[in-house]
Amino acid sequence: MNRPLPVEKMVDVIKRLPGVGPKMAERLSYHILKMSEHEIDKLLDSIQKARQIIKSCSCCYNLSEHDPCPICSDISRERHMLCVVETPQDLIAVSKVKEYRGLYFVLGGALSPLEAIGPDDIKVDKLIKRLKSDCISEVIIATDTDSKGEMTAVYLAELIKKLNIKVTRLGYGLPVGGDIEYADEVTISRAIAGRKEM
Ligand SMILES: [Zn+2]
């Protein structure tokens, strides 16, 4: 017996979420169907509210309730240091490291020729524009340590060095092929302390 068509449609939508396979999508769909009306309203309301309230910071492209975001508007931060990350989740992971008190820039992804993601698909131009207008003396590239992140780091380093700005890459300690988002605070802290000039 096949799943009823409305359930089929739910599974189809849910399995498009990252990290959710067809089996998990089916489990979640049947779980949602068992939820009370009130719980479903709460779930939908939280998604809608977040969608309405959260915006992209016009300075660093982090997601926040405010523009500029609390990090960009914090005047006590070291404004000559800029840490470049792929996603807002990576920014959250790095921001737990108390030793780093600089600013951030969220690229919105990484270069990936296989997926046809080029420099125009991530915020390379906006990063360069910001570096030209702000007084940044060092850029720490904290893209993931997988092949896409490494390729992006090398590409950015070439562009940034032309602006006579020091470029560093997170040092050893991070697992190769790993996602910054899932690295713990101590590991990121060591990687920042051991950063190498590119
Ligand atoms: Zn910001």
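1. Threonine 143 sits in the loop between strand 5 (138-141) and helix 6 (147-161). Helices (H or I, at least four residues) and strands (E, at least two) are DSSP runs, numbered from the N terminus. The residue is buried, because its relative accessible area is 0%. Buried means under 20% relative accessible area, exposed over 50%, and partly exposed in between (1.4 Å probe, protein chains only). Not counting residues up to four places away in sequence, threonine 143 touches Val84, Glu86, Leu107, Gly149, Thr152, Ala153, Arg169 and Ile180. Contact here means heavy atoms within 4.5 Å. Leucine 170 is 27 residues from threonine 143 along the chain, yet their C-alpha atoms are separated by 8.6 Å.

2. A word on the model. This is a predicted model, in which local features need pLDDT of at least 70, side-chain atom pairs count only at pLDDT 80 or more, and totals for chains, interfaces and linings use all residues. Residues are numbered from 1 along each chain as its sequence is written, and side-chain values use heavy atoms, with hydrogens and water left out. The mean pLDDT (the predictor's confidence in each residue, from 0 to 100) of the protein chain is 92. Of its residues, 99% reach 70 or more. Confidence is lowest in helix 7 (residues 185-193), with a mean of 85. It is highest in strand 4 (residues 103-106), at 97.

3. Overall layout. The protein chain has 7 helices and 7 strands. From the N terminus on, the order is α-α-α-β-β-β-α-β-α-β-α-β-α-β. Along the principal axes, the C-alpha atoms fill a box of roughly 65 × 35 × 35 Å. The domain assignment (bounds from an automatic or database domain assignment) gives domain 1 (5-53) and domain 2 (57-197). Their centres, taken over C-alpha atoms, are separated by 32 Å.

4. Packing and surface. Of the 198 residues, 38% count as buried. Among contacts between residues at least 6 apart in sequence, 57% join residues at least 24 apart. The accessible surface comes to about 12200 Å². Carbon and sulfur atoms account for 57% of that surface. Areas come from the Shrake-Rupley method with a 1.4 Å probe; for residues, only the protein chains shown count as cover.

5. The zinc site. Which residues coordinate the zinc ion? Cys57 (SG), Cys60 (SG), Cys69 (SG) and Cys72 (SG) do, at 2.3 Å. Donors are N, O and S atoms within 2.8 Å of the metal (3.2 Å for Na, K and Ca); water is not among the atoms, so sites may look incomplete. The donor residues are spaced C-x2-C-x8-C-x2-C in sequence. Cysteine 57 lies in the loop between strand 1 (55-56) and strand 2 (63-64), and cysteine 69 in the loop between strand 2 and strand 3, so the pair ties together parts 12 residues apart in sequence. Cysteine 57 is buried, with a relative accessible area of 0%. Cysteine 69 is also buried, at 0%.

6. Geometry at the zinc. The 4 donor atoms subtend angles of 103 to 117°, so the arrangement is tetrahedral. Four donors count as tetrahedral if all angles lie between 85 and 135 degrees. The ideal angle for four tetrahedral donors is 109.5 degrees.

7. Methionine 81 is found in strand 3 (residues 81-85). It counts as buried, because its relative accessibility is 8%. Leaving aside neighbours within four places in sequence, methionine 81 is in contact with Tyr100, Gly102, Leu103, Glu138, Ile140 and Arg195. Isoleucine 47 is 34 residues from methionine 81 in sequence and 34 Å from it in space, C-alpha to C-alpha.

8. Serine 112 is placed in the loop between strand 4 and helix 5 (124-133). Is serine 112 buried or exposed? It counts as buried, because its relative accessibility is 4%. Leaving aside neighbours within four places in sequence, its contacts are Ile117 and Lys148.

9. Backbone points to check. Most residues other than glycine have a negative phi, and most peptide bonds are trans. A cis peptide bond joins aspartate 67 and proline 68, with omega about -5°. Proline 68 is in the loop between strand 2 and strand 3. Alanine 116 is not a glycine, but has a positive phi of about 60°. Alanine 116 lies in the loop between strand 4 and helix 5, and counts as exposed at 63% relative accessibility. Asparagine 164, again not a glycine, has a positive phi of about 60°. Asparagine 164 is in the loop between helix 6 and strand 6 (166-169), and counts as exposed at 74% relative accessibility.

How values were computed:
Tetrahedral: all angles 85-135°; square planar, octahedral: opposite > 155°, others 65-115°.
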